[in-house]
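Here are some worked exercises on reading a protein structure. Try each task yourself before you go through the solution.

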Amino acid sequence: MRILTTAIICLSFVTPWAKADLQKHVTLDVGISSPYVLIGQDNVAYLKVGLTGFKLAPLKTRTPVNVAIVLDRSGSMQGEKIERAKQAAKLAISLLGEKDIVSVVSYDDKVNVVVPATKVGNKKRIQSLIDEVRPGGYTALFAGVSKGADQIRTFIAKNKVNRIILLSDGLANVGPSSPHALGQLGLSLAKERISVTTIGLGLGYNEDLMTQLANNSDGNHAFVEHARDLANIFQKEFNDVLSVVAQKIQININFHNNIRPIRILGRNGQIIGNKVLVNMNQVYSNQEKYVLLEIEIPHNKAAKRLPIANVQVNYDNSISGRAEILNKNISVNYTRSEDMVDKNINANIMSAALEQKSVEKSELALQLRDQGKIEEAKKILRENTRTLQKEAKRFPSQVKKFEDLMSINKDTAENLDSKNWSKQRKTLRKKIYEIEKQQSY
Amino acid sequence: MKTKLFLIFGLIVIIPVGSLLWLGLGYAQEEQSMYRFRLLNLLQEKLSLRDAQIREIIELKSRNLNQWLAKLPSREDQIRQAVAEQPDINQIFILNSNNEIRFPNPKTLISQSEEDFLYRTQRLRQELIDTLNTKNGEVQGNKAKVAKREKRVNRPKAKTRADKSEFEISISGAPSSTLSKNRSQESWNAQPHMEQDFSPENEGWVAWFWEEGLNVVYWKKSAGKLYGVELHRVKLLSDIIGKLPSSEANFTEQHPFTISLTDSRNQIVYQWGTLKLEKTDKPLTSIPLSFPLNAWTLAYYGPKSLLTSSSPRWSIFASLIAVFITLVTLAIYFYRENSREIREAQQRVNFVNQVSHELKTPLTNIRMYAELVQEDEDDVDQKTVKRINVIVSESQRLSRMIANVLSFSKEKNNKLQLHLQTGIIDECVTNIIKNFSPSLKKKQMEIRYRGEAKNKVKMDCDVIEQILNNMISNAEKYASEGKYLDIHTSQDKDTTTIIVQDFGQGISKDNSKKIFNEFYRIHNTLHEGVSGAGIGLSIARKLARLHGGDIVLSDKDNGCSFCITLMTPKVKK
């Protein structure tokens, strides 16, 4: 009897470990849109490198977080907006734990450090400091983010998720305020492994600026039209932040055999000859982030199997604390049969590629509209919708994705010169961002 | 008279107040500019402290970059990786000892951003090479060349078209890092010190202007290779902002203020403080940052009132007002005192005048009846005659005294008048002497009269009478021991001269002028107990002057000799 009990006890200790062991690595999926290509011609295909974060075992320690909440308190935030923002921030505090570090920065034309970087010990005290934030003057967004970054640097560490959450409702007008400048800031912060999530509140903020900053630093972006939704968004953001399983992801794709990488869809990266380099700041538990490349597969006379590329992914496992490497190879098959080609098309990857391409078109339409070329923009959006409709039929399993895109294209086309354009543009920007970065909310 | 007084008092108040005001204002202005000067210095000092803080950040970066470069791997892709991981860096270039570009190597496959980087740093690399060569080579001759270049730094050129870069190179050869602690601001900023010894490890900064504004490149020469590290501009700015103060702190300043950091295009990139700035506000003072960020400035904004120190002004004005009030009060007081005294004096004179008038009428009656009795000598016995004579002479004396007082007050009121009539001086004088003789007899005095003024002239006999009465009365009082009183009249054209000489004690030189003053009486044993008001001589002289002449006392050994001159125009027959 005793032996049995001991055995059971021992087993019960081992099993969770074993279970946990299974899920400890990021999953790497490399695929190509058309695994079979025709001989005798140059083929264009899409390479997808997907990374999925492993599931976090419940009740186990997650990666500690080092977060700076940067709140806009310019004059336009007066009233409900600032109150809701404070509420949302306080909610965020309540989600954090003892091992986390939080700081709160507020800015108008000057910057106040409301809560200097501190361990989340006395939540009430931190929340009461947030309560004291009052609306003020202009908008020094750049400075606010800079101060937030400074606060993060106090306790910055490799084993933490270092994140700035920026909330703004207006146009930056003190300090650098162009999307390019903020994009540059995002880039440099990403190098420091700090990512910035930007939340735009209302209809007065600059969505290009906010998305550039988030994009380059690999954070999230959200458009919150009504202040009452802020708490919800904060909750979702923190869900992401608290579920980081890997950081400092470097994806190296080496193409063989004259395979030419044409461009990267949707993400920033470097193409040098036949090498592609893409960086990601983090991967979240149970979420997939991917890199999509358009590649050219040169023609071949014989039907054979051709290795295309080697994909190597280096990352820091936030849970185990170790640096890990994933490696996969991908090949393509040459065939004479068109049928073979069609039958084997990877619907998932193809639709992802279509998604990204339609997003590119939307982006183009947006720029045309900015230049005042409304009719041309409309044309492109309508074309886009038609294409999406067609492809939806081809890939019935991916209909949902296409429907979303179709409706947003339609809405945009209709609102190109209405008074709703500001809102529509923000919605569109956010959608584009969501798809390019595979944002979860 | 009143206006003159007013004027005088006005001056008494205005002149001191005016001069004090002028002095005070001058002083206040001095104080003001001193204060302003000191304040601006103080503010600039504060800004310099911030500049020092920023310098430290730059210095830290240069140390980090130095170390980073030292550990830089040699393979291209490794270098690229290292650059990608360095947040402070945008790109780097590496030149070999032949000044050929080794990284990024345009002969190999490089990314678009690396290509752009090579393009925009073309001129910079060339300038850097040139400057470093001249530093190591001819030292003297190129001082001017380098200096000329240096001058350009202080005027950053305006930005140009999008694809062209316009830059100014300023190169600082920093001494090797071990000396960095002792470096003063000057040498840090300065132009290549020719006196420095260039050890094989050189490093420095280049500030250049590209379309976006100021760009900063850190360079290092090591083991034959020249490294140029283009700093990530936005990161640099962000780091600086991160370290500068935020605005929730309790500042020690007692006034609202704001300090701002401005970029090369005069845009505020960051500000902190308690003062809300309007777009049109101008800073009180500003300083450029140290090299290589000298195209950026720190500016201090504060309330305009800060520049004026109110305290000296206040105290000056307060004391001026106090002085003014005091002087005005004094002036008013004295004026009132003065007028009161004048008024009282006037009242006294009027009173006396009034009394004398009252006295004159009954006295005239007494004299009249007494003289009447005198004329009736036959009907009256000797004893009565003697008594009447006394009454007459005493009442005559009273008359004379009253006449004097009345003349005195008239003179005060400017009412003395001359009534000229035709007559003969001698006759007038004879009469006067006759009237006086009885009193003189009592004192055993005798008048010896010699009259040589027999012309018919215009004269006022009453005035002459009053004059002579006073003279004779004085002689009676003070020179009776001389026994004789000589009176001699003479005429010359329109002037009559009457000399009255006594043989008394005489008058000392000191007193000879004073006796003519009103109320003045000589104090000595001779005059003790002698009654008199001291107005006789002054009246006499005034009357003489009224008559166009004067009375003068001449010096004689044995008494007094008064010379009376009168203006008596001859009358044609």
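**Exercise 1.** Which side chain does the side chain of T285(B) join in a polar contact, and at what distance?

*Solution.* Keep in mind throughout that this is a predicted model.

Step 1: Find the residue. T285(B) belongs to strand 9 of chain B, which covers residues 285-288.

Step 2: Look at its neighbours. Leaving out residues up to four places away in sequence, T285(B) touches several residues, including L40(B), L43(B), Q44(B) and L47(B).

Step 3: Pick out the polar partner. The side chain of T285(B) is joined to that of Q44(B) by a polar contact of 2.9 Å.

Step 4: Check the surroundings. The relative accessible area of T285(B) is 9%, and buried means under 20%, so T285(B) counts as buried.

**Exercise 2.** Is K48(A) buried or exposed, and which residue does K48(A) pair with in a salt bridge?

*Solution.* Begin with the idea behind such pairs: side chains of opposite charge can pair when their charged atoms come close.

Step 1: Identify the pair. K48(A) forms a salt bridge with E288(A), and their closest N and O atoms are 3.2 Å apart.

Step 2: Judge the accessibility of each. K48(A) has 8% relative accessibility and therefore counts as buried. E288(A), with a relative accessible area of 29%, is partly exposed.

**Exercise 3.** Where do R367(B) and E371(B) lie, and where do K426(A) and E207(A) lie?

*Solution.* Take one salt bridge at a time.

Step 1: In the salt bridge between R367(B) and E371(B), the N to O distance is 3.5 Å. Both residues lie in helix 8 (residues 310-375) of chain B, 4 residues apart, about one turn of the helix.

Step 2: R367(B) is partly exposed at 24% relative accessibility, and E371(B) is partly exposed at 27%.

Step 3: Now turn to chain A. K426(A) and E207(A) form a salt bridge whose closest N and O atoms are 3.1 Å apart. This pair links distant parts of the chain, with K426(A) in helix 12 (residues 421-437) and E207(A) in helix 6 (residues 207-217), 219 residues apart.

Step 4: K426(A) and E207(A) are both buried. They also belong to a network of salt bridges, whose members include D208(A), E363(A) and R429(A).

**Exercise 4.** How many residues does each chain bring to the contact between chain A and chain B, and how many salt bridges cross their interface?

*Solution.* Work from the whole contact down to single residues.

Step 1: Chain A brings 29 residues and chain B brings 38 residues. Together the two chains bury about 2700 Å², with 53% of it on carbon and sulfur atoms.

Step 2: The interface holds 5 salt bridges. One of them joins the side chains of K248(A) and E85(B), at 3.8 Å from N to O.

Step 3: Sort the chain A side by class. The side of chain A that touches chain B has 10 nonpolar, 10 polar and 9 charged residues.

Step 4: Finish with one residue on the other chain. Q86(B) lies in the loop between helix 2 (76-85) and strand 1 (89-95) of chain B. Beyond four places away in sequence, Q86(B) touches K191(A) and W68(B). Its relative accessible area is 12%, so Q86(B) is buried.

Notes: Residues numbered from 1 in each chain as written. Chains lettered and ligands numbered in written order. Predicted model: local features only at pLDDT ≥ 70, side-chain atom pairs only at ≥ 80, totals over all residues. Heavy atoms only, no water. Contact = heavy atoms within 4.5 Å. Buried area = accessible area lost by both parts, 1.4 Å probe. Salt bridge = Lys/Arg side-chain N within 4 Å of Asp/Glu carboxyl O. Nonpolar A, V, L, I, M, F, W, Y, C, P; charged D, E, K, R; others polar. Helix = DSSP H or I, 4+ residues; strand = E, 2+ residues; numbered from the N terminus. Buried < 20%, exposed > 50% of the residue type's maximum accessible area, 1.4 Å probe, protein only. Polar contact = N/O pair within 3.5 Å; in protein donor to acceptor, adjacent residues only side chain to side chain.
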